[in-house]
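Colleague: Could you walk me through reading this one, feature by feature? I would like the general idea each time, then the case at hand.

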Amino acid sequence: MAHPSTVLIAVDPSENSDYCVHWYLERIHREGNKVIFIHVPEYWGDMARMMSPTRLEELWKESQYKAQQLKETYTKLATDAGLSSVEFIIEEGQEPWSIIVKASKDKKVDMIVMGSRGMGTIRRTLLGSVSDSVLHHSHIPVMVVHKPKH
């Protein structure tokens, strides 16, 4: 019998992320696995010189609120699905891929699961892809779940 694993699932407020979590729970999760959700809120530090401090604070508070909503949603989903070991991390920073890879090392996880944001080729080329960067920098298996287009 296989030993329990620790799985890090990266989440954001997108439909693709929600699909990824449900897909993992329905098809991959094994009893005894520990699931750690991680969310990296939007980084607003680079915007400081482009907007008023008041607007910057509003955006930061909105990001924090959304992060707490994600925590409540996915913690409840996991509990309702019968998971006995669940953790939710909210970690701020400029590079989400780096934070996800660091958390996977710090928490000694066995696998990272994340959704694909579904960006087009041009946008992904210009902005980069969090999932691509995690794939290239992680030293453990990474599963990228693509939401079907239909």
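Modeller: Helices here are DSSP runs of H or I with at least four residues, strands are runs of E with at least two, and both are numbered from the N terminus. Please keep in mind that this is a predicted model, in which local features need pLDDT of at least 70, side-chain atom pairs count only at pLDDT 80 or more, and totals for chains, interfaces and linings use all residues. Residues are numbered from 1 along each chain as its sequence is written, and side-chain values use heavy atoms, with hydrogens and water left out.

Colleague: Is K108 buried or exposed?

Modeller: Buried means under 20% relative accessible area, exposed means over 50%, and partly exposed is in between, with a 1.4 Å probe and protein chains only. K108 counts as exposed because its relative accessibility is 66%. In the protein chain, buried residues make up 36% of the 150 residues.

Colleague: What does α2 look like, and which of its residues are buried?

Modeller: The expected span of a helix is 1.5 Å times one less than its number of residues. With 28 residues, α2 reaches 40 Å from its first C-alpha to its last, close to the 40 Å expected. Its buried residues are L59, S63, Q64, A67, L70, Y74 and A78, and they pack against α1, β2 and β3 (86-90). Contact, by the way, means heavy atoms within 4.5 Å.

Colleague: And what do the buried residues of α3 pack against?

Modeller: Those residues, I99, I100, V101, A103 and S104, pack against β1, β2, β4 and α5 (130-137).

Colleague: How many aromatic pairs does a search of the whole structure find?

Modeller: Rings of Phe, Tyr and Trp (its six-membered ring) pair if their centres lie within 6.5 Å; planes under 30 degrees apart count as stacked, over 60 as edge-to-face and the rest as tilted. The search finds two pairs. One of them, F37 with Y74, is stacked, at 5.6 Å centre to centre and 25° between the planes. F37 lies in strand β2 (residues 34-39) and Y74 in helix α2 (residues 53-80), so the pair ties together parts that are 37 residues apart in sequence. F37 is buried at 0% relative accessible area, and Y74 is buried at 3%. Ring pairs link F37, Y74 and F88 into a cluster.

Colleague: Which residues touch the most other members of the largest nonpolar core?

Modeller: A nonpolar core is a set of buried Ala, Val, Leu, Ile, Met, Phe, Trp, Tyr and Cys residues joined through side-chain atoms within 4.5 Å. The largest one has 17 residues, of which I9, V11, V21, Y24, F37, Y74 and V113 touch the most other members. Two or more residues each come from β1 (6-10), α1 (15-27), β2, α2 and β4. The element giving the most to this core is α1, with four residues. Apart from it lies another core, of 15 residues, including A10, I36, A103 and I112.

Colleague: What pattern does the chain follow along the sequence?

Modeller: The five helices and five strands follow the pattern β-α-β-α-β-α-β-α-α-β.
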